[in-house]
Amino acid sequence: MKVLRLKPGKERSLLRRHPWVFDAAIAKGGGDAGETVRVESHEGQFLAWAAFSPASRIRARAWSFDVAQRIDAAFLAARVQTAVAARARFDIRSDGVRLVHGEADGLPGLVVDRYGDTLVAQFSSAGVERWKAVLADALLAATGCTRLYERSDTSSRTREGLPPATGWLRGEGATGLRIQEHGWHLTLDVATGHKTGYYLDQRDSRGRMAALAAHRRFARVLNCYCYTGGFTVAAASGLASVGALAGAQLVSVDSSKPALERAQAHLVDNGFGPGQGVRAEFLDADVNATLRRFIEEGRQFDAIVLDPPKFAPTAAHAERAARAYKDINRLAFKLLPPGGVLLTFSCSGGISADLFHKIVAGAGLDAGVDGYITERLGAAADHPMTLEFPEGEYLKGLVVVRK
């Protein structure tokens, strides 16, 4: 068994059961890509069994902190079973579910989503790449599914020195799928959609949007970076539930024409089309430029959603990302009348919850706007953060009501 020996004092995070070992913490030792290594303190104390990654700054990712644990197919199958069983305890109102959430489920670098009877997996670390076939079989056994599509095309995989890989790992067939969420019908394509096909992590926040729309009866809603219109459907659903959809104005903005076409179809498929009197606009445009144009035109909105892409994948990008987040929030605040509601999000792991709060506060100050933070939002329960791994809190959201 190969050994990683750490530098003096670098064992503290592993003693707290944090699963990452950075390259700068290692005094000596190594292994092949994905190979299981024994991680020891400078004094030789056992700390963890970990998967070695020679190309990544995260040089090792812990599988287990139990010296007696054997890292083999049975161990991985048990981890998969535990992760799948945990989802049955969560209140998930959809047949689109995150089954495995990487480090939170003790499977660093592995993400698995279930869409109906189809699984989609991302293998983004050297450890899970080495065990890919074993994990694929374990996933099918734990779920009873027969189809598993691979979407290992993330930037994190590149940082691990691994080439992109996509396609059917098990089974075959059409990649276009249909799921339900909160009673809505949604479609996606696991081969071409963002992430594994859809943003399941925003499920609960879309549910909150529907509830807010029903309670506040928003007449004008602006959904920025709308992708395939999940928040637009949520707003329409909430308004329809209280008979307030007719005459409502729903504006959805994205820079992807295919995504906008799917968003428009989602409204119609759920019964919220022109026949119900809704005025829906779908704008293939840059969000910043659109917000500035709306300000010049004197337009205002009762509710605005800002759900931008990942501006800061790591902390090294935080300063530049902070400026981008501040700019879009400042523009959005200028479009809100008193009592207007802003749902604003960051999915950047390099932006902490505290920093995001400060960014939004600064945007309000620059816009000359004050507001109440009435809710803090985050990823749905099937995307858990654990006690030992705070980095799992990548999605942050605030509901701000303008004073």
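Is Arg5 buried or partly exposed, and what is its relative accessible area? In this predicted model, Arg5 is partly exposed, with a relative accessible area of 23%. The term partly exposed covers values between buried (under 20% relative accessible area) and exposed (over 50%), computed with a 1.4 Å probe on protein chains only.

Residues are numbered from 1 along each chain as its sequence is written. Local features need pLDDT of at least 70 and side-chain atom pairs count only at pLDDT 80 or more, while totals for chains, interfaces and linings use all residues; side-chain values use heavy atoms, without hydrogens and water.

The structure contains 27 salt bridges, each defined as a side-chain nitrogen of Lys or Arg within 4 Å of a carboxyl oxygen of Asp or Glu. One of them joins Arg5 to Glu40, at 2.8 Å from N to O. This pair links distant parts of the chain, 35 residues apart: Arg5 lies in strand 1 (residues 3-6) and Glu40 in strand 4 (residues 36-40). Strands (E, at least two residues) and helices (H or I, at least four) are DSSP runs numbered from the N terminus. Glu40 is buried, with a relative accessible area of 8%.

A salt bridge also connects Arg61 and Glu160, whose closest N and O atoms are 2.9 Å apart.

Arg151 and Asp153 meet through their side chains in a salt bridge of 3.0 Å, N to O. Arg151 is buried at 6% relative accessible area, whereas Asp153 is partly exposed at 36%.
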